[in-house]
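Hello,

Here is the model I promised to pass on to you.

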Amino acid sequence: MLLCSMSPPEGCQDEMDPPRFTFNPKEGIDNPALVVGDDPEPQGLGPRLCHLKRLEGQTFGFVLWSVQGGRVDWDLEDWGLGDRGLGDRGLGDRGLEVRDVEPWSPAQRGGLRDQDRVLEVNEEFVHNVDLRRVVRRIQSCGLHLVLLVLRRDQYEEVVSMGLDLQALARSSKGAGWSRPRLCHVGRHPELGLGMTVAPLQGPRGRFTVDTVAGGAAEEAGVLSGDRLIWIDGVPASALTQSTLNRTVKRGVASVTVLVIDGEGESCSARRRTPVLPAAAQCRGLPHAARTMRLVKGRDGYGFLLRQEKLAASKRTVHVLREVDEGSPAEAMGMRDGDLLLAVNGAPVEALEHDHIVQEIRRSGDRVSLTSMSMSGRDFYRQLDISPLLFHEERDPDERNQNQNQGEPPETDRSGISQEL
């Protein structure tokens with residue numbers, strides 16, 4: 001656990017840093033619900049933002065409960081998130097509650113408090129979403145996590161009044177809010193990337209994008225006037241105009257950019273939240289994780305899992321090898337040399353080989369494996385984002401497919417333990 005000096009939470013407004021917004025239920029959510037408040041004392045029903053920042057290998061330091069079904073006790077230390085948890089079959093039918101916030105943890109320093117109710121994870125509304133799906137979203141978000149929460153008493157008052165929680169969350173963002181976009185732009189043989197970058201007036205390190213009508217950038221989802229947040233994983237604020245011009249004009253085959261419109265950037269600044277790829281819409285990334293749902297045959301699944309060390313980076317990876325002809329693995333499209341990313345939806349890249357084998361064996365006669373090519377994994381590593389970040393977004397019907405193909409649904413796997 002990271003130890004540091006006592007100071008008020010950095011990313012959230014609470015008792016030590018009163019909320020700047022108030023919610024007036026009498027005027028209705030559309031009026032608008034949240035207005036800037038001058039009263040220094042906490043008031044109203046406005047949710048607050050908590051920005052949690054952790055180090056590599058550090059947990060966020062809290063437990064997430066599903067209120068309806070008791071606790072869902074997972075062992076999140078296995079996935080790099082913690083070592084305690086819940087237990088039972090909570091599905092989140094009545095919301096998600098924060099418990100056991102650890103002292104000195106990113107959760108505490110980000111302003112998260114015991115019994116807070118979670119409305120959004122990285123700008124996505126998650127109230128009533130299956131707890132396991134929410135945890136997987138958190139697992140794939142990287143080192144930054146932004147939560148929109150209500151105190152328990154606020155939540156109970158909102159529910160008792162019959163107010164729309166999603167409308168409340170949406171209105172808390174303020175006017176002009178928009179999600180950032182993560183766009184992969186391939187170079188056109190004649191028109192190039194179809195975009196130019198120019199500095200904005202004011203502080204250095206802020207750039208705007210201008211696109212060519214019908215060009216590659218516009219087709220990839222970049223709009224003229226967008227603010228450039230980063231390019232190929234490097235923050236624009238760390239680059240000079242000449243460096244950006246060289247990157248855009250040189251003969252690279254493609255670039256990946258994180259952009260947001262001007263109003264969205266201003267809204268993020270007012271809310272004091274960073275523009276993160278974890279909150280972005282995915283636009284045409286060239287590599288995607290694949291999930292294979294295997295049913296064990298007479299001779300097993302028909303593949304070998306090997307732990308290998310990459311020569312260049314010395315990084316340890318888990319590689320799918322020796323796929324048997326006619327095996328269940330071959331039938332589901334397993335490719336020799338692909339990297340294993342997840343087992344039954346849970347990330348495993350950071351686990352030891354024996355632990356992964358144990359998880360596969362524990363699944364019995366059916367297992368769900370998520371993999372990606374080596375080149376695809378290198379692509380996401382260059383961007384410094386998880387290869388699973390947009391996997392659920394690309395495959396929204398995964399849970400239905402699991403059940404249709406005979407795999408036990410996630411909610412049947414009780415008795416696991418985990419923490420965030």
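Below is what I found, from the whole chain down to single residues.

First, the ground rules. This is a predicted model, in which local features need pLDDT of at least 70 and side-chain atom pairs count only at pLDDT 80 or more, while totals for chains, interfaces and linings use all residues. Residues are numbered from 1 along each chain as its sequence is written, and side-chain values use heavy atoms, with hydrogens and water left out.

The protein has 12 helices and 21 strands; these are DSSP runs numbered from the N terminus, with helices (H or I) of at least four residues and strands (E) of at least two. Of its 420 residues, 50% count as buried (under 20% relative accessible area; exposed is over 50% and partly exposed in between, with a 1.4 Å probe and protein chains only). Among contacts (heavy atoms within 4.5 Å) with a separation of 6 or more, 70% join residues 24 or more positions apart. The accessible surface is about 19,800 Å², and carbon and sulfur atoms hold 47% of that (Shrake-Rupley method, 1.4 Å probe).

Asn122 has a positive phi of about 50 degrees and sits in the loop between strands S6 (117-121) and S7 (124-125). Asn122 is buried, at 4% relative accessible area. Beyond its neighbours within four places in sequence, Asn122 is in contact with Cys141, His144, Leu145, Val146, Ala278 and Ala279.

Arg272 also has a positive phi, near 60 degrees. Its loop runs between helix H7 (262-271) and strand S15 (281-283), and Arg272 is partly exposed with a relative accessible area of 48%.

On the surface, Asp299, Glu322, Asp324, Glu325 and Glu330 gather in a patch of negative charge (residues with over 30% relative accessible area and no salt bridge, like charges joined within 9 Å; a salt bridge is a Lys or Arg side-chain nitrogen within 4 Å of an Asp or Glu carboxyl oxygen). Asp324, one of this patch, lies in the loop between strand S18 (316-321) and helix H8 (328-331), and is partly exposed at 41% relative accessibility.

Best wishes

How values were computed:
Patches are made of residues with over 30% relative accessible area and no salt bridge: like charges are joined within 9 Å, nonpolar side chains (Val, Leu, Ile, Met, Phe, Trp, Tyr) within 5 Å. Lys and Arg count as positive and Asp and Glu as negative; His and the chain ends are not counted. The place of a charge is taken as NZ of Lys, CZ of Arg, CG of Asp or CD of Glu.
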